[in-house]
Amino acid sequence: MADADVIPIGSGGRPGRGSGRRTTPSAAARALAGPGAGRRRSAPGPQKKSEPTETPADPASAVTDDVPVTEIPAAVDFAGLERVVHDLFGEEGERRVAEWLAFLRRRLTGDYEVDEFGYDADLSDQVLLPLLRPLAEKWFRVEVRGVDNIPDTGGALIVANHSGTMPLDGLVTQLIVADHAHRPLRTLAADLVFQTPFVGELARKGGATLACNDDAERLLGRGDLVGVWPEGFKGIGKPFSERYKLQRFGRGGFVSAAMRTGVPIVPCSIVGAEEIYPLVGNIASLARLLGVPYIPITPFFPLLGPLGLIPLPSKWLIEFGEPIRTDDFADGAADDPMLVFNVTDQVRETIQQTLYALLMQRRSVFF
């Protein structure tokens, strides 16, 4: 980890002893991942050649050794193709075309891996994250601070505030960690995400898993970066009048998971997501009918129909705070509800104060 100061908590003691559980995902996560998860997809082996069958000799159609049976196709002018691609797209475009061709080859031959939780790193790196990159860089113009506070190796829990009506802040944070810390961020998502057709499949392939302690501990225990947004739907669905006021952080399950695995907690504060879909109302009756937390009403949706789904181009600031250590606690600290509550409250207060500081530094909502 970079030379970032850490905030020790508690009165010392032995490092966290971990949960001692197995590292495979929970039954619920395995059910979501499908039967093919956790196995390497590889190209099929060579086909066994069938023995040639003897045919009656026909002098009129006999073929001698001096005459080939089939013509050898002319060699493809790869050098010429490379020059054309270079002239059209330049060196950077040529590299991207080569990467895409290699990606397509891996997908067609099955030469890619899906882990036990259903995470498809190849698809995420080559398709899902690149689709988010223009949104983060050009539309939201995300400014990132404190990346050095993310550990270079080993497990860590990134805890962030949640807002914006739609969970774009989680996707953008995942992209920022991949681009700046050069590590995948495994996000913890609500059950509703995986129950939504198509969305749940993409989320699983992009690295998300169920927001439960068992899966969080397994990921942290094997050295992954894990992201959690403890406010949940209460955070992203709060009225615009309550923007940047953190909601309750649940019962501190994320803190107990970090304590059991002895990994640091990295507070993450996100400014800008509150303004992408200003929530001014909620169609509660329709939300109950559909079984969703809320049906948002914004200044542009549903008034403008699909156009109202375009997020406003607010200016984003994302800051990763100094890690909070959990490996100094004594064994069994994760089972102490008061201690877990105190640490949870400190994480929440750290994020809240950082949000206020970032808001003071931001010149305007859109610049």
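Buried residues are those under 20% relative accessible area, exposed ones are over 50%, and partly exposed ones lie in between (1.4 Å probe, protein chains only). Helices (H or I, at least four residues) and strands (E, at least two) are DSSP runs, numbered from the N terminus.

**View 1. Overall composition of the predicted model.** This is a predicted model, in which local features need pLDDT of at least 70 and side-chain atom pairs count only at pLDDT 80 or more, while totals for chains, interfaces and linings use all residues. Residues are numbered from 1 along each chain as its sequence is written, and side-chain values use heavy atoms, with hydrogens and water left out. The protein contains 11 helices and 11 strands. Of its 367 residues, 41% are buried.

**View 2. Helix H4, residues 168–181.** From first to last C-alpha, the 14 residues of H4 reach 19 Å, close to the 20 Å expected at 1.5 Å a residue; the expected span is 1.5 Å times one less than the number of residues. Because 10 of its 14 residues are buried, H4 is largely enclosed by the rest of the structure. The buried residues of H4 include Leu168, Asp169, Gly170, Val172 and Thr173, together with Gln174, Leu175, Ile176, Val177 and Ala181.

View 3. With a relative accessible area of 6%, Ser256 is buried. Leaving aside residues up to four places away in sequence, Ser256 touches Asn213, Ala334 and Val340, where contact means heavy atoms within 4.5 Å.
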